[in-house]
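Here are my notes for you to read alongside the model. Have it open and follow the points in order.

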Amino acid sequence: MSEHRTTLTQYLLDQQQKHGGGKATGDFSGLINAITTAIKVISNQVNKGALIGALGNYGGGGDSVNVQGEVQKKLDVMSNDAIINECQGSGHLAGMASEEMEEIYSIPAGLKRGKYLLVFDPLDGSSNIDVNISVGTIFSVLRAPEGKENPTMEDFLQPGTQQVAAGFAVYGPSTMLVMTTGHGVDGFTLDRDIGAFILTHPKMSIPADTKEFAINASNSRFWEPPVKRYVDECLQGKTGPRGTDFNMRWIASMVAETYRILTRGGVFMYPRDTKDPSKPGRLRLLYEGNPISFIIEQAGGRSITGTQRIMEVEPTGLHQRIAVIFGSKNEVDLIERYHSDHAQGLDREFKSPLFNTRTLFSAE
Ligand code: F6P
């Protein structure tokens, strides 16, 4: 007799019974099944890597650049194709939008349409592929306007609070799937032998306190004063105002950092900075900010721009960028307070020895 394990399929049926109020049609479960089939295809491709010629940039000599102005990897394109191929025929979608495609993707004529919109980042952290570090897929499910067969771009511009579900996969030592439908966060491990996701991390929750932060410190000279203040105080450790030593991590793969924070707490920051004033942040609101914020909040954490809850930001563009600060609640509260102190002029203009010309985080 094998021990009882809950597969994702069983989990979705249970959720449908618990939260569907007897009205569930099975459409949502069908959509999640299609998305997770794509995730298994991508996991397999990432895993095989060089064996199937999947590494390197897309487009050979003349590297192809996506709508974000970033060089596309072969696996970016393969992952995007996998999601479109698995999901467009599911019958549950009215349209899709991907970080890798400039325009929204309409369901081809002849295929059945459904009531949901799917927004996704097919391969987050893809600059890490060639160095064999964890990457992932992020998705967000929205409702299409009722009765609208052919949604337009504007229909995708819904605040994160409207999400029906959000999830991400991490292709790491194990392939993990983490998702929420607004009733907590659950984590699944892909059992490759049977090709199924198994519920291994039920009810994930983020400790409210942490001593670990993640930020790309090479941007420190461009940070705004509240972020400089926060990081400087962490770096001062036991001898500074925090009175405790902090640890720092930067994987440059948001899905991997999110997974770490869901597992042991921490704070992730890709804040607004002055590096490129035309960009109000590095990460994308619809493909990264909103789905990750939904998961973080459902696990008891917080997710803000610095001054505003990310899920309440009214989107103005499909590929809009946003400042992102999320993780352990008490730490995000503190960073928010530093932003508000700064806005009210309550902090002295932040001048830290750590940001002077002769130190590690050089300011000039
Ligand atoms: O948006 C893609 C992404 O790779 C994130 O996963 C990651 O957190 C960030 O960009 C890394 O940015 P940088 O290369 O500036 O550290």
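1. Start with the layout: the centres of domain 1 and domain 2, taken over C-alpha atoms, are 24 Å apart. Domain 1 covers 8-201 and domain 2 covers 212-343, with bounds that come from an automatic or database domain assignment.

2. Before going further, keep in mind that this is a predicted model: local features need pLDDT of at least 70, side-chain atom pairs count only at pLDDT 80 or more, and totals for chains, interfaces and linings use all residues. Residues are numbered from 1 along each chain as its sequence is written, and side-chain values use heavy atoms, with hydrogens and water left out.

3. Now the overall form. The protein has eight helices and 15 strands (DSSP runs numbered from the N terminus: H or I of at least four residues for helices, E of at least two for strands). Its C-alpha trace spans about 65 × 50 × 45 Å along the principal axes. The radius of gyration (taken over C-alpha atoms) is 21 Å, which agrees with the value near 21 Å for a compact globule of 364 residues; that rule is 2.2 Å times the number of residues to the power 0.38.

4. How much area is buried between domain 1 and domain 2? About 2900 Å², with carbon and sulfur atoms giving 65% of it. Buried area here is the accessible area (1.4 Å probe) that two parts lose on being put together, summed over both.

5. Next, look for charges across that interface. The rule finds one salt bridge between domain 1 and domain 2, where a salt bridge is a side-chain nitrogen of Lys or Arg within 4 Å of a carboxyl oxygen of Asp or Glu. Glu99 and Arg284 form a salt bridge, with their closest N and O atoms 3.8 Å apart. Several elements give two or more residues to the side of domain 1 that touches domain 2, among them strand S1 (93-98), helix H4 (153-156) and strand S5 (165-171). S5 gives the most, with six residues.

6. As background, side chains of opposite charge can pair when their charged atoms come close.
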